[in-house]
Amino acid sequence: MNNDLLNSCIDSFISLLNVNFDMVNKSYEALKVESEKSDSFLVPFSDFFDDWAQANWELLVERVVCTPNESLVIYGSGSDYEAAAHSRVFFQKAQATHEIVCHSSKAIDWVSEKEIDLSKFEFEGFVSVSGESFDVSPPFDHIHLTEKRAIGGDYAQVIILRNQVKFSAVEI
């Protein structure tokens with residue numbers, strides 16, 4: 001695992017999300033039109049985006065920092081392009097050997113405006129904030145984290161600024 005390259009690879013991934021989000025949205029809109037013409041099933045935009053994000057996460061981050069016997073936990077919800085048969089786009093049977101961990105001397109949760117202990121949360125993905133909510137859309141300048149070892153649908157979520165954090169990949 002090359003942790004020295006991880007933060008720059010993640011920043012490149014964020015740049016890709018920002019630069020290409022509109023293109024992905026336009027592609028989805030074209031798919032939507034074609035789907036309506038043929039009366040075929042259309043996945044929600046979030047699933048379409050998740051497939052695209054996972055593919056690019058694997059190429060821009062995972063492939064660069066991992067050795068051939070290593071792989072990262074999926075990005076966000078991962079891909080379900082093949083009807084949830086697997087969450088990865090490439091090397092579908094690969095099992096995650098490492099997870100992304102966030103480190104900060106002082107991380108402030110955007111929701112509660114309180115300092116949080118990042119060791120209690122898992123990295124989910126990048127989001128933006130607007131008003132009182134967060135969204136999967138540009139400028140992808142915040143990090144969405146969820147409570148570790150949460151059971152069921154009741155778990156804490158935090159949103160922190162990307163520039164408050166350094167990343168590392170640790171073995172699971």
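Analyst: **Charged pairs, one by one**

Let's start with D11, which is partly exposed at 34% relative accessibility. Here buried means under 20% relative accessible area, exposed means over 50%, and partly exposed is anything in between (1.4 Å probe, protein chains only).

Before going on, a word on the ground rules. This is a predicted model, in which local features need pLDDT of at least 70 and side-chain atom pairs count only at pLDDT 80 or more, while totals for chains, interfaces and linings use all residues. Residues are numbered from 1 along each chain as its sequence is written, and side-chain values use heavy atoms, with hydrogens and water left out.

The rule for a salt bridge is a side-chain nitrogen of Lys or Arg within 4 Å of a carboxyl oxygen of Asp or Glu. That rule gives a count of 4 salt bridges.

Back to D11: its side chain forms a salt bridge with that of R162, at 2.9 Å from N to O. These two tie together distant parts of the chain, 151 residues apart, since D11 sits in helix 1 (residues 3–38) and R162 in the loop between strand 7 and strand 8 (166–171). Helices (H or I, at least four residues) and strands (E, at least two) are DSSP runs, numbered from the N terminus. While D11 is partly exposed, R162 is buried, at 12% relative accessible area.

Helix 1 also holds E34 and K37, 3 residues apart, so about one helical turn separates them. Their side chains meet in a salt bridge too, at 3.2 Å from N to O. E34 is partly exposed at 44%, and K37 is exposed at 63%.

Next comes the pair of R88 and E58, whose side chains make a salt bridge at 3.9 Å, N to O. This one also links distant parts of the chain: E58 belongs to helix 2, R88 to the loop between helix 2 and strand 1 (98–103), and they are 30 residues apart. How accessible are these two? R88 is buried, with a relative accessible area of 6%, and E58 counts as buried as well, at 2%.
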